[in-house]
Amino acid sequence: MAPAITSPLPPLPSLAISPPIRVSRSLQNSSPRLSRTAFPILLPLLLVLLFADRLTPPAAALPHYGAVPGGSCPMNNWSDNGYWGVIEARAHAALAAAQEWRGAANEALGRVEPMQLLVAALLAAVVGGKLAQVAGAAGAQIRSKGLVPTLTALFFSLIRLLPGVKAYIQEQQDKARAQIVGGSSSRERAQWRKRLPDVGAEAEEVLGEMRALRDKDKAWQGRCSGTVYVGGESYEKHMKLIADAYTMFQHTNPLHPDVFPSITRFEAEVVAMTAALLGGGSHPEASWGDGGSDSAANGEENGGGKGGAKGAKGVKRGEKAGKGGGSGGEGGLEVCGNVTSGGSESILMAVKASRDYMRAKKGITRPEMIVPVSAHAAYDKAAEYFQVQLLRAPVADDWCVEVDAVRRLCTRNTVLIVASAPGFPHGIIDPIPELGEIAARWGTCLHVDCCLGGFVLPFAKKLGYPLPPFDFSVPGVTSISVDCHKYGLAPKGTSVVLYRNREIRKHQFCAVTEWSGGLYVSPSVSGSRSGALIAGAWAAMRSIGMQGYMDITRRLMEASKAVAAGISRIKGVHVVGQPDMTVVALASDHLDIYRVNDAMSQKGWALSALHKPASIHLCVTLQHVDAVDTFLADLQAAVDEAAVSEMSAQGGHVDAVDTFLPDLQAAVDEVRLSPSPLSQGMAPIYGAGNRMPDRGAVKELLLDYMDSLT
């Protein structure tokens with residue numbers, strides 16, 4: 001039986017609409033596909049209108065299939081002329097209508113002067129071009145931020161134009177600004193030096209003044225989330241090693257590899273040892289111990305400099321690991337990289353290299369990257385710096401990025417997909433293998449932000465913790481960023497950006513051939529770099545070794561699990577998700593978590609405030625693990641506020657993990673029993689930022705805060 005014909009016209013392309021909460025994202029994702037589908041449909045229609053008289057056949061042809069579309073036509077078999085007769089008859093009717101409309105339009109326009117038609121056409125072209133620009137900009141905003149946030153921003157920008165509204169908003173912002181920078185901070189700032197002293201001071205006087213200022217810093221030992229990663233019994237010994245290494249090479253600059261080949265070797269070995277931990281070599285242990293330094297020393301020379309890079313070719317670090325996937329699959333696995341000034345610069349370099357690599361490979365001139373909402377803010381910075389449109393993918397109920405959302409956001413302009421291992425807010429690893437499959441399918445790059453986990457996850461996996469794949473062993477991963485100055489215990493200002501092969505990394509470099517100062521090439525944002533920091537990173541990694549990092553990771557993971565278990569027993573708060581690593585975030589369904597954070601601050605703790613959802617977290621470091629055994633054995637006693645207060649009053653040593661949970665319990669109780677809002681600290685600022693729909697006002701507040709610091 002022949003299929004029923006419901007419409008002679010081809011069906012419109014279906015639009016995949018997500019559940020109601022994702023409608024705005026689905027609409028924004030469908031818009032480019034709809035435009036690409038609509039163009040080939042509209043163009044023939046336009047041609048029909050222009051040449052309707054030439055396309056219309058003689059009317060005598062119509063009776064062969066029936067005079068009218070609704071006439072009696074045989075429809076019992078596809079081979080009969082009836083089906084195609086209906087199609088052709090309706091087409092003729094449409095052409096006839098178009099010719100009639102064209103004739104009427106020509107008759108009307110015949111009464112208009114040619115000059116008027118010319119001016120009208122020019123005006124229409126100009127106005128149409130401007131409207132197209134506005135529509136393009138609006139479409140880009142909707143794709144980047146979503147329909148609802150874009151309309152909200154437009155609404156508030158229009159509201160600000162109303163009389164009196166702008167003045168009121170400015171008044172409220174001034175109050176918030178005064179709260180941030182006012183008070184004693186302004187009085188102290190007035191005493192800051194504004195110019196060079198007329199006569200220099202002696203060294204002891206300078207150091208004495210510096211010590212006095214340092215003594216005013218907050219007591220950070222064991223009470224800061226992240227921030228200081230070195231601690232424990234070996235703290236003084238390790239810091240002395242770093243200081244000695246820094247002093248030994250403080251005059252060096254890797255911009256001149258011919259003058260300082262030692263720094264070039266240090267950088268090559270730091271990159272090689274880091275790469276070996278993350279799937280960049282067949283034997284991770286080969287970069288350590290007695291036999292590792294020689295093989296690492298033969299690695300590539302990473303420095304660049306004025307007069308050209310003189311680094312040797314080096315050897316491939318690790319055997320071929322197959323083609324892999326995504327854009328980094330060609331030529332197998334040949335992991336390489338550079339030392340940067342920190343995680344943000346590593347991310348910036350990865351975005352820049354991916355953008356330029358995809359432009360060279362696929363001719364992409366309007367690049368887009370897909371970033372989870374939980375990814376680091378450095379990607380926003382990279383998007384601004386390198387003119388890459390940033391598309392945000394939501395997270396699922398488990399706080400991992402939604403793979404389906406990433407898949408919907410991919411287009412032919414996608415140059416980079418981003419994953420975190422783990423994410424900074426909640427310490428959870430994104431589904432990197434699934435994202436690798438998407439990257440391979442689209443032939444795009446996949447960057448894994450391992451800044452926090454690079455020196456923990458490889459060792460935690462060896463210790464038996466169940467962790468999903470996260471490194472270059474995943475097909476499709478093209479670059480990874482790793483911070484040495486976090487759990488690598490290197491000096492502040494050292495990170496590594498790694499690439500699957502040299503072809504991708506070349507697009508990170510900047511080479512200048514037409515400068516009158518000579519030939520110039522540098523590997524990263526900075527021209528001159530501190531060789532002393534690179535030497536310090538090498539010294540840290542060389543002194544700790546595989547076994548040292550394994551022991552450190554064991555203590556960190558045990559402390560993190562203990563903290564998470566303790567938080568779950570505190571009434572009023574709960575752990576966010578299931579952390580994979582050393583970050584434990586907590587939120588509340590009933591309390592203002594920012595007021596809990598401020599109450600903790602009054603007790604000497606410096607936790608990290610988060611939002612979307614409102615929460616705070618503790619990033620566990622060696623500063624927090626000295627009392628893990630005592631904490632595990634005495635957990636119930638540790639939550640006794642009175643016992644901790646008594647220890648503090650007696651001047652005894654209060655272990656970090658033992659005090660965190662009681663202080664947190666006391667802070668929660670204080671907020672629960674005191675419903676009045678706190679008027680100082682970060683609670684009102686974060687609270688307003690979390691609730692205010694006008695994100696432009698929140699951004700201005702942040703810019704004012706940054707501007708007030710220097």
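Select Arg359 to begin: its relative accessible area is 41%, hence partly exposed (buried means under 20% relative accessible area, exposed over 50%, partly exposed in between; 1.4 Å probe, protein chains only). The model is predicted, so local features need pLDDT of at least 70, side-chain atom pairs count only at pLDDT 80 or more, and totals for chains, interfaces and linings use all residues. Residues are numbered from 1 along each chain as its sequence is written, and side-chain values use heavy atoms, with hydrogens and water left out.

Arg359 and Asp356 both belong to helix α12 (residues 343–362), 3 residues apart, or about one turn of the helix; helices (H or I, at least four residues) and strands (E, at least two) are DSSP runs, numbered from the N terminus.

Next, select Arg211 and Glu204, whose side chains form a salt bridge at 3.3 Å, N to O. Arg211 is partly exposed at 38%, whereas Glu204 is exposed at 54%.

Finally, select Arg529 and Glu267, a salt bridge with its closest N and O atoms 3.1 Å apart. Arg529 lies in the loop between β9 (520–522) and α18 (531–568) and Glu267 in helix α10 (residues 261–277), so the pair ties together parts 262 residues apart in sequence. Both Arg529 and Glu267 are buried.

Methods: Salt bridge = Lys/Arg side-chain N within 4 Å of Asp/Glu carboxyl O.
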